[in-house]
Amino acid sequence: MSATSASAGESGAEAFCNTIDQVRNSSSGFGYFLGTVPVHIHPYGACAATNFRSGTKFYYWCYRYNDYGNFWIFGRVAGSEYTGWVYSPNVTWETGSLNSCDPS
């Protein structure tokens, strides 16, 4: 099973790939990757990513809708210090909270 792509409609997203995200851990949720999942450096399918295998646990820090209206979750890959963005259909919801990355 392969991960769902968020790159459709995001062809102009490359400009966002060179920005710096200010993200903090404000949630307690976690889930597991569905298929081989790319963890991106920014919440756009066009940005660089590292793939992780199906079933890998992912701790949720926060979420954000990108400029194309796609729902992304920022977090940390369990057992590592690797953090990044995952397109939400590629991860399960198990338990805990998931709060916005953007201050209200």
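Reader: Which residues make up the largest nonpolar core?

Author: Quick note before that: this is a predicted model, where local features need pLDDT of at least 70, side-chain atom pairs count only at pLDDT 80 or more, and totals for chains, interfaces and linings use all residues. Residues are numbered from 1 along each chain as its sequence is written, and side-chain values use heavy atoms, with hydrogens and water left out. A nonpolar core here is a set of buried Ala, Val, Leu, Ile, Met, Phe, Trp, Tyr and Cys residues joined through side-chain atoms within 4.5 Å, and buried means under 20% relative accessible area, with exposed over 50% and partly exposed in between (1.4 Å probe, protein chains only). By that rule the largest core has ten residues: Phe33, Val37, Val39, Phe52, Phe58, Tyr60, Ile73, Val77, Val86 and Val91.

Reader: And which elements give two or more residues to this core?

Author: Helices (H or I, at least four residues) and strands (E, at least two) are DSSP runs, numbered from the N terminus. The chain has zero helices and six strands. Those giving two or more residues to the core are β2 (37–40), β4 and β5 (71–77).

Reader: How far apart in space are Val77 and Tyr60?

Author: In sequence, Val77 and Tyr60 are 17 residues apart. Tyr60 counts as buried too, at 2% relative accessibility. C-alpha to C-alpha, the spacing of Val77 and Tyr60 is 9.1 Å.

Reader: Tyr60 and Trp93 form an aromatic pair, so what kind is it?

Author: Rings of Phe, Tyr and Trp (its six-membered ring) pair if their centres lie within 6.5 Å; planes under 30 degrees apart count as stacked, over 60 as edge-to-face and the rest as tilted. For Tyr60 and Trp93 the centres are 5.3 Å apart and the planes are at 10°, which makes the pair stacked.

Reader: Why does that pair tie together separate parts of the sequence?

Author: Tyr60 lies in strand β4, while Trp93 is in the segment after β6 (83–87). Trp93 counts as partly exposed, at 45% relative accessibility. The pair ties those parts together because they are apart in sequence by 33 residues.

Reader: Trp72 and Tyr87 pair as well; stacked, edge-to-face or tilted?

Author: Both Trp72 and Tyr87 are buried. Their ring centres are 5.5 Å apart with the planes at 50°, so the pair is tilted.

Reader: Which residues do ring pairs link into a cluster?

Author: The count of aromatic pairs comes to 14. Ring pairs join these residues into a cluster: Phe33, Phe52, Phe58, Tyr60, Tyr82 and Trp93.

Reader: Is Arg64 buried or exposed?

Author: Arg64 is found in strand β4 (residues 57–65). Its relative accessibility is 15%, so Arg64 counts as buried.

Reader: Which side chain does the side chain of Arg64 make a polar contact with?

Author: Not counting residues up to four places away in sequence, Arg64 touches several residues, including Asp21, Trp85 and Asp102. A polar contact is a pair of N or O atoms within 3.5 Å; within protein, one must be able to donate a hydrogen and the other to accept it, and residues adjacent in sequence count only if both atoms are side-chain atoms. At 3.0 Å, the partner is Asp102.

Key. Contact means heavy atoms within 4.5 Å.
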